[in-house]
Amino acid sequence: MPGIDYIFAALTPLNLLLALIGVIAGTVIGSLPGLTATMAVAVLVPLTFSMEPASALIMMGAIYTGAIYGGAYSAILLNTPGTPSAIATTFDGFPMAKQGKGDLAITLACIASVTGGLVGAAFLLMLAPPLARVALAFGPVEYFWLAIFGLTLISALSEGNLLKGLIGACFGLLLACVGVAEISADIRFTFGNQVLIGGIETVSALIGLYCVPVLIDLVATPDRHLKVTHVPRGFRFLEASAIAWRAKFSLLRSSVIGTLVGILPGAGGSIAGLVAYSEARRSSSRSENFGHGEPEGIMATESANNATVGGGFIPTLVLGIPGTPPDAVILGALLIQGIRTGPSLFAEGGSIVYTFIYGLFLATLLMLPVGLIIGRYAYKAIITIPKAMLVPTVAFMTIIGTYAIRNSISDVVIMILLGSVGWVLNRFGFSPSPIVLGLILGSIAEQGFVQAWTIGAATGELPKMFFGRPISLAIIMFILLSLFYPLIRKRWIKFRTENRQ
Amino acid sequence: MTSSKEISPARDMASVVMACLFIVLGVVALWDTTNMMDSDSSVFPRAIAIVMILLSIALIVQKLVYPAAAKNGADARASTIRRIVLVAVMLLCCGLMPWLGFLISGIITYLLLMLVAMYDTWTPVKKIIYPLIAVSVVLGFYGLFAHLLQVPLPTGILFD
């Protein structure tokens with residue numbers, strides 16, 4: 001393992017300050033719906049051009065890791081994922097907040113994010129070159145199966161009506177097809193409307209489907225947004241730590257899943273969070289509580305999405321292929337700094353790389369106090385602010401956040417209309433989460449499917465293409481486990497109970 | 001996020017109607033795929049549209065063959081008017097933005113939404129403080145996005 005010199009190089013007062021500023025800025029930007037981690041890094045990256053390469057990397061890593069964590073605030077308190085990677089945080093975070101445990105949920109998210117971030121950074125430090133080869137082993141068909149694995153969550157999110165969940169997912173998958181097709185550039189489902197050629201922007205759709213229904217319901221009654229307790233409870237750090245300790249294996253597994261998914265170019269934090277959530281739910285003894293305010297659900301998602309930070313840096317630094325979208329921005333900044341990424345970087349530019357990795361550890365650790373303090377103020381603000389202020393503020397944030405993604409008023413209109421449709425569908429039992437899953441995983445699934453189909457058809461080995469590759473088979477096994485494990489377990493418990501009697 | 005409060009057999013028919021709408025949507029999507037030049041573009045959406053139609057038919061059958069009252073999330077106290085006005089005001093903001101610019105349309109939207117969401121009595125203090133806060137919040141966000149994050153917010157045709 002690289003020497004102690006690099007640790008001291010990372011711990012200079014300047015690097016500490018830059019990491020602190022980066023984490024704070026990233027957390028604040030990430031918490032605003034519409035402003036993703038990619039935007040946070042892209043907006044602040046010019047600040048790093050005049051810095052030393054290692055300091056610049058530390059600041060960018062800190063912004064990135066802070067932004068991924070910041071997305072949890074609005075996911076928990078407003079049911080709106082601040083960044084797409086926090087989608088699965090809404091599943092249990094918002095129910096916890098509704099139960100008056102929003103403060104605990106935020107502290108849990110913070111602890112899980114720090115754990116995930118540390119695990120991701122540890123993998124980056126110790127296993128970067130061998131793990132980078134895993135990324136190259138993933139072909140289109142593996143991405144297709146990974147997207148299908150994410151879609152299996154629909155069975156968990158459909159709240160008793162699987163048919164409605166599946167219809168919602170199909171609706172989301174069709175929404176993902178709107179605009180110019182990625183493979184053959186055909187224009188689909190625009191019906192002659194120029195506005196739709198650009199497609200439905202995923203983050204604005206997320207904001208609409210999750211946040212607008214909350215606003216519509218919020219404005220309809222004088223009730224408070226969240227249940228409030230009048231007893232001051234502090235950060236609830238010890239309580240959250242005890243819960244995290246009980247779920248330590250799940251936390252560790254989710255962090256490893258996040259790191260491994262982060263390594264895959266283009267997969268990103270949203271898939272990492274969804275896959276980790278699915279796995280945590282499958283293996284938990286309290287799986288029936290998932291979706292109703294289960295702390296383990298929040299921890300699985302938040303540890304996985306923060307682990308993608310370290311994981312995503314592995315192919316970025318070793319292969320020069322960005323693992324996640326923010327890594328692509330960071331890669332560009334590195335090129336401006338004159339750093340050539342590639343297998344030789346760890347040998348030739350060791351001082352920069354290892355100083356940065358220790359800096360990433362530092363930034364992740366700083367996220368604990370920073371995240372707890374900002375989280376506490378965010379929670380207090382949401383529960384104390386009068387409704388006449390909360391509704392317009394959140395509505396305004398959704399409008400400006402959506403506009404900022406592509407500088408498009410049409411995106412804002414689509415966001416509001418999709419939100420209204422989502423509210424109506426929710427009234428009839430079509431919950432928004434399957435639609436969102438379809439929308440997010442649609443393009444990955446389609447691209448993987450069509451590419452694999454084309455390759456398989458050209459080589460005359462179509463079945464082998466889809467079902468004959470070892471990684472594909474492993475993912476298919478997890479898909480089947482995810483779908484049928486609850487049923488098998490129920491039957492097994494019933495069988496054992498009958499045998500005992 | 002509606003709570004299940006009462007049972008209404010009428011809601012089952014509503015699910016059937018929704019399923020019919022999804023069938024129509026699926027048929028429209030299928031029809032649109034016939035205009036696509038490349039089979040690579042049409043194979044995926046066509047498969048999804050067919051699956052959606054089949055699932056919707058299955059839902060209709062389920063609701064008609066096994067009638068069970070669905071959960072009704074309606075809250076008797078909830079104001080439908082406020083809900084509609086909220087969406088209308090947000091859309092109005094989008095309509096005003098190209099003309100009045102982001103700042104002015106944002107302030108108008110914020111103030112209107114404040115009126116829509118107000119359930120307490122308007123005391124003289126609130127009448128002064130709340131609009132001031134509205135302007136400050138919009139200005140704060142405007143400053144953050146337009147100047148710090150360099151997002152080119154619309155200035156408005158009327159002020160160009």
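Which residues of α3(A) are buried? They are Ala37(A), Thr38(A), Met39(A), Ala40(A), Val41(A), Val43(A) and Leu44(A), where buried means that 20 or more other C-beta atoms, placed from the backbone, lie within 10 Å of the residue's own. Because seven of the eight residues of helix α3 (residues 37-44) of chain A are buried, this helix is largely enclosed by the rest of the structure. The cover over these buried residues includes α2 (13-31), α4 (53-78) and α15 (325-336) of chain A. Helices (H or I, at least four residues) and strands (E, at least two) are DSSP runs, numbered from the N terminus.

The model is predicted; local features need pLDDT of at least 70, side-chain atom pairs count only at pLDDT 80 or more, and totals for chains, interfaces and linings use all residues. Residues are numbered from 1 along each chain as its sequence is written, and chains are lettered from A and ligands numbered from 1 in the order in which they are written.

Between the chains, the contact takes 50 residues from chain A and 60 residues from chain B, two residues being in contact if their C-beta atoms, placed from the backbone, lie within 7 Å. On the side of chain B that touches chain A, the elements giving two or more residues are α1 (10-33), α2 (39-65), α3 and α4 (124-148) of chain B. The largest share, 17 residues, comes from α3(B).

The predictor assigns the complex an ipTM of 0.90 and a pTM of 0.81.

Methods. A residue is buried if 20 or more other C-beta atoms lie within 10 Å of its own, exposed if 12 or fewer, and partly exposed in between; C-beta atoms are placed from the backbone.
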